[in-house]
Structure formats: C-alpha cells, structure tokens
Amino acid sequence: MADFIPVIVGTDLNTYYMGASFHEAYGVKPYLLGQMKLGYTKYSDIFAKTKLVEHLSTDSDVFVNALIDYAHELDYQKQPLVLVGTNDEYVRLIIENQDVLKKYYHFRVLSEEKREMIQDKANFYELAEKHGLDIPDTQIYQMGDPIDFEVSHFPVILKPNNSVEYNAHPFPGKAKVYRLNSMEEIKATIKNIASGGYSGKLLIQEYIEGDDSYNWDAVVYMNGDSEAQFVALGQVALQEHQATAIGNYTAIISRYNRPIMEKLKKFLEEIHYVGFANFDMKYDARTDTLKVFEINVRQGRSSYYVTQTGHNLAKYLVDDVVYHKSHDCTFINAENLLTVVPIYILDKYITDPAIHDEAMTLIKNKKWGNPLFYKQDFNLMRRPYLFVRQMRYREKYKNAKW
C-alpha cells in the first residue's frame, strides 16, 4: 500500500498515462480534478475518484480553492498528496500559485519567472543558443505591427510565441502551426489570427524538410537540486496529421544518442531547471543536427514511452518530492515502440521504409505497447470505447492533409 496519494489535474490522455504510471509502480489509484469528462479517464477503473469543477482551467481562484478543498477531503495532514499537472494551463496555474499549494501538496515545478522565460519562445531561443543548443532560424513578428519583414525561402512555419494565450482564442481555420508557401499566405494567416483576438508574438521559422520520422522527442526529470535523474530520447514514427493536432505524436521509437542526451542534460543543469522537461526537436539533414523547437515544462502526452522502457515517470517524481531520494542520471537505452494508433495505421502511414520496418519488427518481437490498453484497467466500457476510438483513426488519417 502506497503511503501517499496522487492527485492529477486533468482528465485527458496525459492524465491517463500518468495514472497508469502511478498504478503500475505503486498499485495506487490517483484522484483526479478536472473540468469535463473525457473517455480516456471516464471509462477507467485505475482512478479512485474524478471531481469536476467548472472554470478550473481559466479561473485562478477557482483552481486554488478546488485544490485546497480536495486536500482537506483527502486529509492532507495524514499522508502526502502528490500533485501532477497534465497540460500547459494547469501547470501554469500550479506554478503561479505554488506558494499556497505547497502547504497542501508535494510537487516539483519551476519558478514563475523561469517558466515565463522558457515558455516565451523568443526568449527561449536566445537562452538555448547561448547554452549551445541548435535552434531553427526564426523571425519574430508582433501582432499589430506592419508586415514588413522578408522571407527568403518558402515554405515557412508560422506559430504563436505564447501557446497558452493563443489557445484561449478560438477562431475559424485555427491550427496549431501553419505551413505557408508565400507572403500572401503569411499575411492572410496573420489577419485570420488577429480576428480571433490573439495579440502576442508570432514566430516565422525555416521549414525543415523531412517526414514525421525527422521529429524527435526527449524527456528529462530534474530533481529539486537541478540534478538530472534520467534522460530519454525518442524518434517519432508517426504524428497526427490534422492541422489542429500537428505535433501530437502517435508513435515513438525509443533511441539512445549519448552526445545529444548529454547536451540536453547540460543545458537544464546550467539554467537550474527542476521537474519534468519535454523537448520537441527536428533533425536537419542539411547540418546533421537536431534543432530544438521548444520545451514543455511538464511531461508530454507521449512521455509514457519512458515508463514503457522500465523507467516509471511517477517513480522518479515520488522519489524526489516524497522520499527525497536522488539517483545517478540514467541515460535510457532500450528498444521500444509506443503507439496509440492501430498497427494497420502504422503499416500504412509510416513513410520512411527503415522506420516502418523497424516498427513492424518491434511489434513482432513484442517490444511495443499501447498504453491506453493498460492490462490492469478492467472497466467493462473501456474496450468498446477504445475500439471505437481506434476505428476513427482510419478516417482521421485518410482525410487529413499536412
């Protein structure tokens, strides 16, 4: 029996992965605090309770009061409550209110100043370059300014500098990132974004050629003393192809590249980072480098591939914030495939022949898994829900264009 209680804020895919990590490592059922029911966690038996609160992600007072109420309900003085955020908004709210929340919960997050420095991509690129990371060529445009910059090569990628602010503004034709082929398309896209109310900065970046497998992912956990506990690296085999979901990975193969891992570790140590860090990168064949696009200041929605290698995400967090136990850094070296899509989707849509063959071999050798099919989750409605969800991928990939 665990001598702590996990409290996870969220009800989404990332929530399920972290819940499965806690359940697998400790046999404990986390408590959830969320805003709406989602099938990932609704049809599940690995959670003790889900408490839904309106405006949880948009109102700081509501967020804090809900967590304090939950802490009293779970008797925080009797045993430690381990708090985990699962998306940018919830993690931001934890960070902004950490002085109050640390009276009730055990967690590891950055300071508000450091989060803003890293989440502001313009500032992050300056910091990353200063510390030796490779970054894409980038121009910064402030919404409302004249569009008087020049682009020498197309296509380019256009995306918001502040994704949290951008996500708060719905509008027709909205995409997570935009791939554009002319100045006319850039101007039209900026005009459309302005109509939705986003007033921050935009990034116009070089487009790095390459299919899904040119994208790479890294996950690192830094303890309270800014000491790396593990570094994991993964190569994307497949990502979502819908415009609103580009960058959401659906299949990742674990990789080992010690020089890259050491470089990421050194960067985080030098900036005195704490907690989970999730790097998004892309391989640039022209320079033979992995270029860093951003860091998520949390575990990512695909980070469960780390747990699948035998290095449980929840265990590193608990060892740090509950048991105050430090580890020598592990540079994870394992053969493993994580996928959340059916095998026939991998077979059809992985375009790189070598990656395709490797994925099929890993599946044949049983070195793979879909974490949504967690074997210890016995909810009777889960299999029908997952079956329908898996079937929908056929149409999603068939109709998506990126």
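Analyst: We will go from the sheet to a helix beside it and then to a single residue. This is a predicted model, in which local features need pLDDT of at least 70 and side-chain atom pairs count only at pLDDT 80 or more, while totals for chains, interfaces and linings use all residues. Residues are numbered from 1 along each chain as its sequence is written, and side-chain values use heavy atoms, with hydrogens and water left out.

User: In what order do the four strands of the open sheet lie?

Analyst: Strands (E, at least two residues) and helices (H or I, at least four) are DSSP runs numbered from the N terminus, and two strands pair if DSSP finds at least two bridges between them. Here the order is E5-E8-E6-E7, with antiparallel pairing. Strand E5 (138-142) and strand E7 (178-180) are the edges, each pairing on one side only.

User: Which helix packs on this sheet?

Analyst: Helix H9 (residues 183-195) does, touching E5, E6, E7 and E8 (contact means heavy atoms within 4.5 Å). The direction of H9 makes about 150° with that of E7, where axes are lines fitted to C-alpha atoms, for helices over the stretch in contact, and angles run from 0 to 180 degrees between N-to-C directions.

User: Is Gln205 buried or exposed?

Analyst: Buried means under 20% relative accessible area, exposed over 50%, and partly exposed in between (1.4 Å probe, protein chains only). Gln205, found in strand E8 (residues 201-206), counts as buried because its relative accessibility is 1%. Leaving aside neighbours within four places in sequence, Gln205 is in contact with residues including Tyr125, Ile157 and Phe293.
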